Amino acid sequence: MTATANAEKETLGFQTEAKQLLHLMIHSLYSNKEIFLRELVSNASDAADKLRFEAVKDGSLYENDPELAIRVSYDKEAKTVTISDNGIGMSREDVINHLGTIAKSGTAQFLESLSGDDKKDSQLIGQFGVGFYSSFIVANRVEVHTRKAGADSSEGVLWECEGDAEFTIESIDKPNRGTTIVLHLKDDAIEFADGWRLRSVIKKYSDHISLPVIMTKEDHGEPEEGEEPKAPEDETINSATALWTRSRSEIKDEEYQEFYKHVSHDYQDALTWSHNRVEGKLDYTSLLYIPKNAPFDLNNREGARGLKLYVQRTFIMDEAEQFLPMYLRFVKGIVDSNDLSLNVSREILQKDPNIDAMRSALTKRVLDMLDKMSKKKPEDYAVFWKQFGEVLKEGPGEDFANKEKIAKLLRFASTENDSETPEQSLEAYVSRMKEGQDKIYYVAAENFNTAKNSPHLEVFRKKGIEVLLLSDRVDDWMMSHLREFDGKTLQDVARGSLDLGDLDSEEEKEAQEKINEELKGLVERSKAALADQVEEVRLTHRLTNSPACVVVGEHDMGSQMRRLMEQAGQALPDSKPIFELNPEHPLVKKLDQEPDEDRFADLVSVLFDQATLAEGGQLNDPAAYVQRLNSLLLELSN
Ligand code: ADP
């Protein structure tokens with residue numbers, strides 16, 4: 001931070017990130033100017049929540065002014081709009097930290113994702129959350145007058161900025177605690193210096209704010225001759241009750257959506273929500289939302305998550321992560337308890353058995369909400385799955401009790417239609433299972449194409465048996481926890497020996513045994529040639545087009561998980577694949593006829609390396625493979 005300081009008034013430069021965001025904000029949100037008011041009212045409401053919470057411990061913070069409210073006013077001549085609160089306020093340090101920098105997690109990633117094209121970026125900025133800087137959509141100068149609750153009136157601060165690279169900050173005297181923001185409107189935003197316009201925007205976006213938003217009543221004409229001018233009267237513009245305390249039937253969808261934007265700092269609508277009051281042994285209300293878009297730090301397990309916690313309508317904390325498991329970290333919303341103490345801390349929450357009961361109930365609530373969406377609004381569910389499917393896949397490993405419920409929510413790509421879009425549920429798979437099929441088959445690979453083209457699928461395709469195509473990083477890990485669904489084992493087709501059970505006919509089985517007997521010698525010779533590279537060599541009937549494939553041992557780690565752990569730098573025990581040859585393939589038949597042992601070894605090595613490559617694996621000695629292949633090619637051209 002650069003400072004040309006004098007003790008009273010300093011000029012400071014914005015942190016680079018803030019500068020970039022500011023630029024974007026100003027240039028990209030033109031079409032939706034009015035949201036600035038929602039953002040500032042939302043901040044004012046948060047500031048009041050924070051004061052109420054601090055005042056539980058120290059009542060003197062109210063400074064004999066306990067009626068918390070937000071005031072909005074305007075001045076047509078001066079072209080200003082003013083938003084004022086008597087919430088917690090900010091110290092000089094707070095102002096510099098909160099208005100001069102962006103402390104949000106994921107900011108750096110967010111800025112990296114920007115394309116430089118204002119149009120495209122404007123949608124991203126919406127996802128990121130616009131906040132205080134949205135003032136600059138309508139204002140070319142912003143003043144923030146603020147004083148922290150409990151501080152001396154001489155400790156007021158005035159922050160000013162013209163939406164460019166710098167801002168000034170100076171000490172002022174401010175008798176009332178809290179924050180007053182004065183927006184000097186741009187010429188194209190003069191419309192907001194109007195009482196009716198402001199009222200309609202407040203009604204539209206901030207009706208759900210539990211704090212009253214107050215304006216002075218509009219004057220109805222000049223006083224008559226001899227009449228006293230009327231004293232200005234106040235009126236409350238919004239409903240000013242906490243939205244979640246109202247009954248569901250009274251709340252409009254738009255109100256739910258506006259409340260969502262307030263709690264989540266999201267710019268877009270939520271996909272769905274669930275609002276419930278629980279009475280009995282525990283007494284609480286929850287309002288849970290599923291967002292439409294993943295935040296930038298979704299995959300950061302340390303990132304912000306959790307619900308807003310209230311106790312008897314008093315805000316207690318943001319990001320109360322004890323109420324939902326990690327794999328539901330995308331859920332936003334509030335929980336308001338009537339049982340907890342106002343002094344509750346994170347440590348207490350961790351130990352309170354009632355919290356566990358609430359967590360189970362809220363978890364169920366979310367899973368039910370997703371289930372309902374998947375059935376009633378499959379298009380919405382597809383949006384959800386695209387954004388959050390990978391996170392939900394952490395569920396079976398994390399939440400044993402709800403494994404079956406989570407399993408029903410999973411969606412996969414499958415050989416049913418070979419589409420990359422994951423749209424098949426396990427239930428749908430089971431309903432399509434063949435007569436005699438008792439397992440759910442899947443293949444897991446690094447990416448969709450490798451999965452789709454895996455040689456392991458050949459026999460399944462031939463017999464018309466469906467196989468799920470898995471290619472997310474978490475898939476192998478998830479399947480290792482899921483293991484079965486609806487009483488049917490989930491079987492990795494690239495693991496262990498292939499047993500199609502009743503799906504193979506008696507004749508097929510007899511023919512297979514006969515051929516196994518005939519090619520015994522080939523198996524022995526291949527084993528000797530590949531020696532310590534493989535665990536075992538055997539014949540297989542899972543292939544139709546490919547000459548060979550590699551298979552993971554029944555109890556070994558899947559190849560996808562292995563690669564994942566290796567990338568993460570974990571030392572893993574050596575495990576060798578099983579090499580399987582397709583006895584029906586002309587190359588394999590030819591190989592069996594090869595009299596020269598050296599040449600045999602070369603050929604079988606090439607087949608082995610090819611099988612590894614087809615699996616998306618890496619060769620131990622790629623150069624040797626290339627050399628062998630080239631000498632074979634040379635023979636061809638001779
Ligand atoms: P966000 O609200 O998403 O954290 P903002 O850019 O809107 O981001 O605000 C940044 C921070 O500035 C807030 O987190 C809060 O600490 C502080 N702040 C903003 N407005 C107020 C206010 N009216 N009173 C007190 N603090 C405020």
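Which polar side-chain atom lies 2.9 Å from a nitrogen atom of the ligand? A polar side-chain atom of Asp-85 lies at that distance. This is a predicted model, in which local features need pLDDT of at least 70, side-chain atom pairs count only at pLDDT 80 or more, and totals for chains, interfaces and linings use all residues. Residues are numbered from 1 along each chain as its sequence is written, and side-chain values use heavy atoms, with hydrogens and water left out.

View 1. A polar contact is a pair of N or O atoms within 3.5 Å. An oxygen atom of the ligand lies 2.8 Å from a polar side-chain atom of Asn-43. For Phe-132, a backbone N or O atom lies 2.8 Å from an oxygen atom of the ligand. Of the 530 Å² of accessible area (Shrake-Rupley method, 1.4 Å probe) that the ligand has on its own, the protein covers 82%.

**View 2. The shell around the ligand.** Twelve residues surround the ligand, each with a heavy atom within 4 Å of it. His-98 and His-265 are among the closest. Helix H2 (35-57) and helix H3 (92-99) each give two or more residues to this shell; helices are DSSP runs (H or I) of at least four residues, and strands (E) of at least two. H2 supplies the largest share, three residues.

**View 3. An open sheet of five strands.** The order is S16-S18-S17-S20-S19, with mixed pairing; two strands pair if DSSP finds at least two bridges between them. Strand S16 (413-414) and strand S19 (484-485) stand at the edges with a single partner strand each, so one side of each has no neighbour in the sheet. S19 and strand S20 (residues 488-492) pair in the antiparallel sense over two bridges.

Notes
A polar contact is a pair of N or O atoms within 3.5 Å; within protein, one must be able to donate a hydrogen and the other to accept it, and residues adjacent in sequence count only if both atoms are side-chain atoms.
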